[in-house]
Amino acid sequence: MPREIAYNWLDRPAELSAQEALFVVRLQANEDAAYDELVRTYNASIYHVAFRMLGDAAEASDVVQEIFLKVFRNIKGFKGEAALKTWIFKIAFSEILNRLRWWKRRHRFATVSLDERPNGVPTSETVPDTGPTPEEILQCKEREGAIQQALGRLSHEHRSIIVLRDIEGFSYNEIADVLGISMGTVKSRIARARADLKKSLMRYLSVQHL
Amino acid sequence: MRTMDCSSAQKLMSVFIDSMVSPAEAERLEVHVALCRPCHRQLQSYKSMRSLLASMERPVVPEDMVLETRVRLSQERNKNFLVRFENRLNYVLRPVVVPALFGVSLTMLFFGVLLGSLASGSTVLAQSQWSDEPVFGLYKPVHTTDPTMMAFASSDKQDLDEPLTIETHVGEEGRVIDYEVLSGPPSPEVSGWIRETLSLAQFTPATAFGRPVESKIILSFVAVRN
């Protein structure tokens with residue numbers, strides 16, 4: 001189901017709310033319930049980003065655990081200059097990009113099987129009795145696979161910005177904070193990344209003529 | 001209003017679909033794409049791609065990942081907790097150790113002085129020292145638990161201004177055969193007192209291989225006053 005992505009040209013930077021500040025204090029106090037809440041709140045979005053960036057369910061799963069450990073190890077140093085979400089994703093992207101660089105050094109390339117669902121479970125085992133027809137499911141899987149492959153062909157920089165903006169719906173300011181780049185760089189990089197990606201996905205794009 | 005060329009329009013399209021252009025720029029772009037077919041198609045493809053990406057299925061989070069994350073996080077937090085507890089303990093104890101030791105020493109000293117002051121009169125303590133006979137295997141040196149010596153030790157009649165040391169020669173029967181005052185007050189009163197006491201004293205003689213033998217013992221007497 002398509003997600004709502006907020007678009008606002010003013011794009012105010014996200015700040016730490018009072019509620020979030022309290023939550024950070026609880027994390028810094030090493031409170032059990034706070035860490036449960038942290039995992040519950042962020043595990044899906046971090047996993048999603050990791051999966052889209054790495055293209056591999058097992059690797060994504062592994063890196064998510066590392067990210068949470070890093071969040072725990074560094075939470076004392078969180079001063080609240082940005083929203084907690086931005087800070088967490090900054091750690092997440094640092095970890096994910098490190099892993100991608102590690103892969104690159106070993107000339108390993110991720111491949112996505114069209115027979116697999118994004119969570120790694122073969123499609124044949126998960127097709128429900130009702131709902132979309134097998135053809136529709138196949139088309140959907142093919143499209144998803146094509147997008148994932150197109151993402152995989154992008155540079156790490158372009159892939160990061162597409163995942164953050166067009167898949168996760170981060171604002172330009174949040175992207176600037178997460179990737180540690182200026183707003184101007186965010187705008188130019190996202191334009192170049194979209195232009196690159198568009199070439200690979202042309203057959204899936206519907207264009208209405210004047 | 002100034003018109004926009006295709007190159008400028010295409011540069012603006014990415015930020016336009018994110019509503020990150022000013023209202024004036026947005027209006028100029030809209031006017032341009034309404035008149036320019038290639039730019040219109042270009043803008044449509046950008047919008048379509050954004051919808052395509054936003055419609056991607058979110059991968060289901062593996063249940064074991066959530067569980068493993070919780071477990072690893074818990075292990076890390078507990079590990080850290082132990083380290084932190086140890087550090088905190090050190091941090092708390094370190095400044096306390098020196099004053100605590102000082103306090104204990106002071107208390108012991110205080111009780112020592114207090115107990116000393118509670119004792120009445122002068123007390124003479126006898127301390128036996130092993131003679132310089134060889135100590136080996138089956139040799140047992142001379143010693144005493146004679147009450148005479150205790151009576152002698154607790155006597156407050158003698159005025160010992162300086163420690164008294166006597167080398168005593170003890171026979172096989174445990175009686176004093178001979179003695180020599182090594183140091184002590186030279187008064188006749190003390191000499192008489194030594195003679196009287198040692199003539200009555202009974203020692204357990206030294207033994208070598210189970211048989212009593214002659215031996216020497218050094219006796220020291222020190223006056224403790226309050």
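The axes mentioned on this tour are lines fitted to C-alpha atoms, for helices over the stretch in contact, with angles taken between N-to-C directions. The model on screen is a predicted one.

Start by selecting residues 84–105 and 172–179 of chain A, which are helices α4 and α7, and look along their axes, which come within 8 Å and cross at roughly 50°. Angles from 65 to 115 degrees would count as roughly perpendicular and those under 35 as roughly parallel, and α4(A) and α7(A) are therefore oblique to each other. Their crossing is right-handed.

Next, show the side chains where these helices touch: α4(A) brings Thr86(A), Phe89(A), Lys90(A) and Phe93(A), while α7(A) answers with Glu174(A), Asp177(A), Val178(A) and Leu179(A). By class, the residues of this contact are four nonpolar, one polar and three charged.

Now bring both chains into view and select the contact between them, to which chain A gives 43 residues and chain B gives 39 residues. On chain A, the helices that each supply at least two residues to the side touching chain B include α2 (32–54), α3 (57–74) and α5 (134–153), together with α6 (156–167) and α8 (183–200). Coloured by class, that side of chain A shows 26 nonpolar, 10 polar and seven charged residues.

Finally, move to chain B and pick out an open sheet of three strands, ordered β2-β5-β6 and paired in the antiparallel sense. Its edge strands, each pairing on one side only, are β2 (139–140) and β6 (211–213). Zoom in on β2(B) and β5(B), the latter at residues 206–208, where the antiparallel pairing runs over two bridges; Lys140(B) has Thr207(B) in β5(B) as its bridge partner.

Technical notes. Residues numbered from 1 in each chain as written. Chains lettered and ligands numbered in written order. Predicted model: local features only at pLDDT ≥ 70, side-chain atom pairs only at ≥ 80, totals over all residues. Contact = placed C-beta atoms within 7 Å. Helix = DSSP H or I, 4+ residues; strand = E, 2+ residues; numbered from the N terminus. Nonpolar A, V, L, I, M, F, W, Y, C, P; charged D, E, K, R; others polar. Axes fitted to C-alpha atoms, helices over the stretch in contact; angles between N-to-C directions. Parallel < 35°, antiparallel > 145°, perpendicular 65-115°, else oblique. Left-handed = near helix turned anticlockwise from the far one by under 90°. Pairing = 2+ DSSP bridges.
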